[in-house]
There are 2 protein chains.
Amino acid sequence: MSETVKMTVTGMTCGGCENAVKRTLMKLDGVETVSASHSENAVTAVYDSSRVTPDAMKRAIEALGYSAAGG
Amino acid sequence: MSETVKMTVTGMTCGGCENAVKRTLMKLDGVETVSASHSENAVTAVYDSSRVTPDAMKRAIEALGYSAAGG
C-alpha cells in the first residue's frame with residue numbers, strides 16, 4: 001500500500017542537491033515518487049510500505065552527506 | 001595499483017553537490033580518495049585499477065543526475 005512520508009532534510013543548498021537526493025531515493029525498490037525542496041529543507045516520498053521504510057530512505061540520504069529526520 | 005583520473009562533471013552547483021558526488025564515489029570498492037570542485041566542473045579520484053574503473057565512477061555520478069566525461 002502506498003504511503004507518504006515527509007522528511008526534514010538539511011544540507012541541500014541547490015537544485016543539484018535536490019536532484020541527487022531524488023535520484024538516490026528513486027533507486028530504492030518500493031519508492032514511487034519523490035519531491036525535494038532545498039528552500040524548505042523538505043523531501044516528500046510516496047512509497048510502498050511493504051517494500052521500503054522511511055528509515056531506509058533516511059539512511060540513503062545521509063549516505064550522500066545530508067541530514068535527514070522525521071517521517 | 002593506484003591510478004588517478006580527472007573527470008569533467010557538469011551540473012554540480014554548490015558544496016552539497018560536491019559532497020554528494022564524493023560520498024557516492026567513496027562507496028565504490030576500490031576508490032581511495034576523491035576531490036570535487038563545482039566551480040571547476042572537476043572530480044579527481046585516486047583508485048585501485050584492479051577493483052574499479054573510471055567508467056563505473058562516471059555511471060555512479062550520472063545516476064545522481066550530473067554529467068560526467070573524460071578520464
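In the predicted model, B:S2 stands opposite B:D48 in β3(B). Because this is a predicted model, local features need pLDDT of at least 70 and side-chain atom pairs count only at pLDDT 80 or more, whereas totals for chains, interfaces and linings use all residues. Residues are numbered from 1 along each chain as its sequence is written, chains are lettered from A and ligands numbered from 1 in the order in which they are written, and side-chain values use heavy atoms, with hydrogens and water left out.

**The sheet of chain B**

Helices (H or I, at least four residues) and strands (E, at least two) are DSSP runs, numbered from the N terminus. Two strands are taken to pair if DSSP finds at least two bridges between them. In chain B, four strands build an open sheet with the order β2-β3-β1-β4, and their pairing is antiparallel. Its edge strands, β2 (31–37) and β4 (67–69) of chain B, each pair on one side only. From one strand to the next, the twist averages 25°.

Strand β1(B) is joined to β3(B) by seven bridges in the antiparallel sense. With β4(B), strand β1 (residues 2–10) of chain B pairs over three bridges, also antiparallel. In β4(B), B:A68 is the bridge partner of B:V9, and B:S67 stands opposite B:T10. Strands of a sheet pair through backbone hydrogen bonds, either parallel or antiparallel.

**Helices of chain B**

Contact here means heavy atoms within 4.5 Å; axes are lines fitted to C-alpha atoms, for helices over the stretch in contact, and angles run from 0 to 180 degrees between N-to-C directions. Helix α1 (residues 15–26) of chain B lies across β1, β2 and β3 (42–48) of chain B, at about 165° to β2(B). Helix α2 (residues 54–63) of chain B lies across β1, β2, β3 and β4 of chain B and runs at about 30° to β1(B).

B:T24 belongs to helix α1 of chain B. Buried means under 20% relative accessible area, exposed over 50%, and partly exposed in between (1.4 Å probe, protein chains only). With a relative accessible area of 11%, B:T24 is buried. Apart from neighbours within four places in sequence, B:T24 is in contact with A:L64, B:A60 and B:L64.

**Helices of chain A**

In helix α2 (residues 54–63) of chain A, the residues A:P54, A:M57, A:K58, A:A60 and A:I61 are buried. They lie on the same side of α2(A) because they cover an arc of only 160° around the axis, the arc being that of the directions from the helix axis to the C-beta atoms. An α-helix has 3.6 residues a turn, so residues three or four places apart point the same way. The cover over the buried residues of α2(A) includes β1 (2–10), α1, β2 (31–37), β3 (42–48) and β4 (67–69) of chain A. Just after α2(A), A:G65 adopts a positive phi of about 105°.

A:E18 lies in helix α1 (residues 15–26) of chain A. Although buried, A:E18 has no salt bridge, and the nearest side chain of opposite charge, A:K22, is 5.2 Å away. For charge, Lys and Arg count as positive and Asp and Glu as negative, while His and the chain ends are not counted. Neighbours within four places in sequence aside, A:E18 is in contact with A:M12, A:A36, A:S37 and A:H38.

**Salt bridges**

A salt bridge is a side-chain nitrogen of Lys or Arg within 4 Å of a carboxyl oxygen of Asp or Glu. Over all chains, a search of the whole structure finds six salt bridges. Three of them are listed below.

| Salt bridge | Closest N and O atoms |
|---|---|
| A:D29 and A:R51 | 2.9 Å |
| A:R51 and A:D48 | 3.5 Å |
| B:D48 and B:R51 | 3.5 Å |

In chain B, B:D48 is buried at a relative accessible area of 12%, whereas B:R51 is partly exposed at 45%. Salt bridges that share partners join A:D29, A:D48 and A:R51 into one network. Within it, A:D48 counts as buried at 12% relative accessibility, and A:R51 as partly exposed at 45%.
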